[in-house]
Amino acid sequence: MKIELLRNGPIAVSFEVYDDFLFYQRGIYYHTGLVDRFNPWQTTNHVVVIVGYGYEGATPETGVKYWIVQNTWGTEWGEDGYFRILRGTNECHIESMAVATTPITI
């Protein structure tokens, strides 16, 4: 996903929105509720766009890795309409439902 993002720009993804996400204001989001690890289906209910990535901490190796995501709920929500979510853990199934596109010009 990182390579696709760097080469071709934003990636559309879907993920599962839990009740605690509605109250997100800042920081790196992760859902703290129970998850059924034996369910083969990845439930999602919201589509957003990954626009970047980074890490919070001293170094990329020791810091908390995250995706930078543009939401559709307006600039009054979250971090001016964006949020950061854990990267590399398939948090809320966000890494299992990514779709890359290549726009064409007619």
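Start by selecting Glu 79. With a relative accessible area of 24%, Glu 79 is partly exposed. Keep in mind that you're looking at a predicted model.

Is Arg 84 buried or exposed? Its relative accessible area is 16%, so Arg 84 counts as buried, because the cut-off for buried is under 20%.

Next, click on Glu 56. Its side chain also meets Arg 84 in a salt bridge, at 3.2 Å from N to O. Glu 56 sits in strand S3 (residues 46-56) and Arg 84 in strand S5, so this pair ties together parts that are 28 residues apart in sequence. Glu 56 is partly exposed, at 44% relative accessibility.

Show Glu 56, Glu 79 and Arg 84 together and you have a linked network of salt bridges. The structure holds two salt bridges.

You'll find Trp 73 in the loop between strand S4 (64-70) and strand S5 (82-86). Trp 73 is partly exposed, with 34% relative accessibility.

Last stop: color by confidence. The chain averages a pLDDT of 87, and 92% of the residues score at least 70. Confidence is highest in S5, at a mean of 97, and lowest in strand S1 (residues 11-15), at 89.

Notes: Residues are numbered from 1 along each chain as its sequence is written. This is a predicted model: local features need pLDDT of at least 70, side-chain atom pairs count only at pLDDT 80 or more; totals for chains, interfaces and linings use all residues. Side-chain values use heavy atoms; hydrogens and water are left out. Helices (H or I, at least four residues) and strands (E, at least two) are DSSP runs, numbered from the N terminus. Buried means under 20% relative accessible area, exposed over 50%, partly exposed in between (1.4 Å probe, protein chains only). pLDDT is the predictor's confidence in each residue, from 0 to 100. A salt bridge is a side-chain nitrogen of Lys or Arg within 4 Å of a carboxyl oxygen of Asp or Glu.
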